[in-house]
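Subject: Structure for your files

Hello,

Here is the structure I said I would pass on. My notes on it follow below.

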Amino acid sequence: MRRLYSTFAGGWPGIGLILMRLVVGFALVNSAGSALASSPAIPITIFSVLLGIAAILLIIGLYTPIVGTIVAVIEGSRLVTIPANSLVYLLVATVGAALAMLGPGLWSVDARLFGWKRIEPSPRKSYLSHPE
């Protein structure tokens, strides 16, 4: 993850990224929950469970580039195959792709696990101050 992003955005951009993650995550949880409640066929159940897991990972900000790509691919395929709610699928796929490219932001599990750590070196002992 560290190689994908040079920084994890904080401040207003970080707040924007967490809002994007939360909105898309809760939209996917709602979509997956309603699909599973209607006792669907096996392929729809698999995609719904996958989207539910992806939604939880997006909400907490874990493996965001991978999960954002998965969401973009699944929602993009739904956009092509299911004519109903095409604008919703387009919106979620676009935001998923944007999160994959932009990253999770400072307030995420990714930033805590893979963010750049600042290491403070201990002060060096001076050899001139110690008489022998």
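**Notes on the helices and loops**

The buried residues of α2 are covered by elements that include α1, α3 and α4. Contact here means heavy atoms within 4.5 Å. Helices (H or I, at least four residues) are DSSP runs, numbered from the N terminus.

This is a predicted model, in which local features need pLDDT of at least 70 and side-chain atom pairs count only at pLDDT 80 or more, while totals for chains, interfaces and linings use all residues. Residues are numbered from 1 along each chain as its sequence is written, and side-chain values use heavy atoms, with hydrogens and water left out.

The buried residues in α2 are S48, L51, G52, A54, A55 and L58. For accessibility, buried means under 20% relative accessible area, exposed over 50%, and partly exposed in between (1.4 Å probe, protein chains only). With 19 residues at 1.5 Å a residue, α2 should span 27 Å, and its end C-alpha atoms are 27 Å apart, which agrees. The expected span is 1.5 Å times one less than the number of residues. After α2 comes G61, with a positive phi near 80°.

A35 sits in helix α1 and is buried, at 19% relative accessible area. Leaving out residues up to four places away in sequence, A35 touches P40 and S48. Its C-alpha lies 7.6 Å from that of T45, a residue 10 positions away in sequence.

Helix α1 (residues 11-37) packs with helix α4 (residues 86-102) at an angle of about 140°, the axes being 10 Å apart. Axes are lines fitted to C-alpha atoms, for helices over the stretch in contact, and angles run from 0 to 180 degrees between N-to-C directions. The two helices are therefore oblique to each other (under 35 degrees is roughly parallel, over 145 roughly antiparallel, 65 to 115 roughly perpendicular, and the rest oblique). On the α1 side the contact is made by L17, M20, R21, V24 and L28, and on the α4 side by V92, V95, A98, L99 and L102. These residues divide into 9 nonpolar, no polar and 1 charged, where Ala, Val, Leu, Ile, Met, Phe, Trp, Tyr, Cys and Pro count as nonpolar, Asp, Glu, Lys and Arg as charged, and the others, Gly among them, as polar.

Two loop residues other than glycine are worth a look. Y63, in the loop between α2 (42-60) and α3 (64-81), has a positive phi near 55° and is partly exposed at 39%. N85, in the loop between α3 and α4, has a positive phi of about 60° and counts as exposed at 51%.

Regards
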